[in-house]
Amino acid sequence: MRLHVCAVGRLRAGPERDLVDDYYTRLDRTGRPLGLGPVAELEVEDKKNLGMAAEAVLLERAIPSGALIATLDERGRVLSSPEFAEMLAGWRDGGRQDVAFVIGGADGIDPSLRAKAGFSLSFGRMVWPHMLVRVMLAEQLYRAATILGGGPYHRA
């Protein structure tokens, strides 16, 4: 199952980029034998600052046709790491080819795009900067692969 991270904004060189790249590299090694990955990053920018509606149009263009849309949103479901791993495995085992994790900009995801989502995930009731959400998602994808593979990374 191919994984896509469709996000508003460019993750430039720095600690967040380094962390995301590290987790994606780990996921590629761990997840591919399990049918998870690779991860494709699709970054969009609203250069005219037209807001969430304009960002939604750009994000929709980045989402692969037929992909399950999974938004990262404070209103989404809060899952444990094992529950997240089970959900990914369920999508994979159900024949899902592509999952697009959608991360909005500073103002979130436009309601029109949120309405098209097949799933919405929250990393808690707090609001996180979208660049940190990308790091957290990358880590959780890697953690899910280690859980599914029976690896020692997840010790809960």
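Which element gives the most to the lining of the largest pocket? Hi everyone, let me walk you to that one.

First, some ground rules. This is a predicted model, where local features need pLDDT of at least 70, side-chain atom pairs count only at pLDDT 80 or more, and totals for chains, interfaces and linings use all residues. Residues are numbered from 1 along each chain as its sequence is written, and side-chain values use heavy atoms, with hydrogens and water left out.

Now the pocket. The largest pocket has a volume of about 360 Å³. A pocket here is an open set of points on a 1 Å grid over the protein atoms alone, where a 1.4 Å probe fits, with protein on both sides within 12 Å along at least five of seven lines; lining residues have an atom within 4 Å of a point. The volume is the space filled by probe spheres set on the points, which are joined across faces, edges and corners. Of its 24 lining residues, Leu72, Asp73, Glu74, Val127 and Trp128 are the closest to the centre. Strand S3 (68–78), helix H4 (111–114), strand S5 (119–122) and helix H5 (130–149) each give two or more residues to the lining. And the answer is S3, with 4 residues. Helices (H or I, at least four residues) and strands (E, at least two) are DSSP runs, numbered from the N terminus.

On to the core. The largest nonpolar core has 32 residues, and Phe84, Leu88, Trp91, Val99, Phe101, Leu137 and Leu141 have the most contacts inside it. Such a core is a set of buried Ala, Val, Leu, Ile, Met, Phe, Trp, Tyr and Cys residues joined through side-chain atoms within 4.5 Å. H5 supplies the largest share of this core, 8 residues. That helix has 20 residues and reaches 29 Å from its first C-alpha to its last, close to the 28 Å expected at 1.5 Å a residue (1.5 Å times one less than the number of residues). Gly150 follows H5, with a positive phi near 75 degrees.

Let's finish with two residues. Not counting residues up to four places away in sequence, Phe84 touches Leu79, Phe101, Leu121, Leu137, Gln140, Leu141 and Ala144; contact means heavy atoms within 4.5 Å. Ser81 sits in helix H3 (residues 81–93). Is Ser81 buried or exposed? Ser81 is buried, because its relative accessible area is 15%, and buried means under 20%, with exposed over 50% and partly exposed in between (1.4 Å probe, protein chains only). Leaving aside neighbours within four places in sequence, Ser81 is in contact with Gln140, Arg143, Ile147 and His154. Thanks, everyone!
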